[in-house]
Structures are given as C-alpha cells and as structure tokens.
Amino acid sequence: ITQAQINTGLTTLNSDCAPICLSFFICKQDTIYNYEYYKFQNPKQIAQAENTYEIPNMINIYVVGSIIPPIEAGFAGKVDNIMVLSHSCVTDGKCWSHEMGHFFSLAHTFDTSGGLEFVNESNCATTGDSICDTPADINPAPVNGACQWIGTNTDPHGDYYTPIIGNIMSYHPSNCKTPFTVGQLNKML
C-alpha cells in the first residue's frame, strides 16, 4: 500500500463525512514490523494489537494484508477506538467510509439482527439498520455492473425491494457508491 493510496482513502472518507462537518487526518503514522499481523486474525489479535500499539484518544487504524476468519475487507470496533483495513479496503472507494460508519454505530442496510425490515417501512425504526431513510435491503443484493437492481425479491408481505443502490453501508459494488443518507449522518452525530 502506498502513501498516495492511504491519502486517497482519507480524502474520500472526509468527503463522505463533510455534510456533518466531520473530518479526519493522520496524527501519527508508524510501520509495525510484525509479520503476524499481515494476515490479521479477527478477533484473536485485536486485544494484542491494542495492548501493544494503541494510542489513546485517537482512532487507531491498522492496515493489514488480509483479515481472517472470515475473510473480510475491514472492521471497526463499536466500543474500541480501532479500525482494521485490509489492502483491498484501503484501495476501495467505499470501504473506509463503510468501516467508519460502523465505528459510529451504523449497521448494514441489510441487517436483520433486530428483525427483517419490511419494504413498506412499517417497522423501519426498529428493524434492519433502524434508520427510516434507508429502504429495506437484502444481501446478497442483485445489482449488476451498471448499478441497476435486477432482482425480483420480495419481503414477507410480497413487496419488492427497491433499496438505494450503492449506499455506503450496503454490500453493493463500490462503483455504485452513493452518499450517507441524512438519517445515517444524524445517527453518526
């Protein structure tokens, strides 16, 4: 990963968070010469990295080769001040902002941990991502390379899914990226 790639990711993150006057900068940057972290084992190595390298009162971002298990692009702690980004995440136009969204307690648009969100929005405040201006979504999402929804998927009421294609907190392709919604920005605040 080059410094230019890191700077580009940071610029994109700042652009995505600009509507709420939130910006980030590199306060300190170090290289950790520890081959063990190249394939970062989540969650096994989180405590070890924090105890050894954490700088208090900052968001500590670790850039690693890959994250296992399961293989994922990045993750952020909701209670820690840590983000771990794989090389593929650093060079992805959506990943930094997605993980920072998790850092600020945003869920995926397709989240079902609190129940399945209905397309008619009758339960949008308590299910899915609990944000009503992000329509119900599913994963995997039937989105083609031209950023078009090609699915005929329906919710339990028989209503067709019509999410915001490319929402930062979705798993839609990165080239389909759209900004955070007002509801997501307000929740981050």
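Trainee: Which backbone oxygen lies 2.9 Å from a polar atom of the side chain of His-102?

Mentor: The backbone oxygen of Leu-106. A polar contact here is a pair of N or O atoms within 3.5 Å; within protein, one must be able to donate a hydrogen and the other to accept it, and residues adjacent in sequence count only if both atoms are side-chain atoms.

Trainee: What should I know about the source?

Mentor: This is a predicted model: local features need pLDDT of at least 70, side-chain atom pairs count only at pLDDT 80 or more, and totals for chains, interfaces and linings use all residues. Residues are numbered from 1 along each chain as its sequence is written, and side-chain values use heavy atoms, with hydrogens and water left out.

Trainee: Is His-102 buried or exposed?

Mentor: His-102 is buried, because its relative accessibility is 11%. Buried means under 20% relative accessible area, exposed over 50%, partly exposed in between (1.4 Å probe, protein chains only).

Trainee: Where does His-102 lie?

Mentor: In helix 4, residues 95-103. Helices (H or I, at least four residues) and strands (E, at least two) are DSSP runs, numbered from the N terminus.

Trainee: Which residues of helix 4 does helix 1 meet?

Mentor: Trp-96, Ser-97 and Met-100. From helix 1, the residues involved include Ile-6, Leu-10 and Leu-13. Contact means heavy atoms within 4.5 Å.

Trainee: At what angle do the axes of helix 1 and helix 4 cross?

Mentor: Roughly 55 degrees, and the axes come within 8 Å. Axes are lines fitted to C-alpha atoms, for helices over the stretch in contact, and angles run from 0 to 180 degrees between N-to-C directions. Helix 1 and helix 4 are therefore oblique to each other. Angles under 35 degrees count as roughly parallel, over 145 as roughly antiparallel, 65 to 115 as roughly perpendicular and the rest as oblique.

Trainee: How many bridges join strand 2 to strand 5?

Mentor: Five, and these strands run parallel. Strand 4 and strand 5 run antiparallel, joined by three bridges.

Trainee: How many residues of strand 5 are buried?

Mentor: Five of its five. Ile-82, Val-84 and Ser-86 point one way, Met-83 and Leu-85 the other.

Definitions and conventions. Two strands pair if DSSP finds at least two bridges between them.
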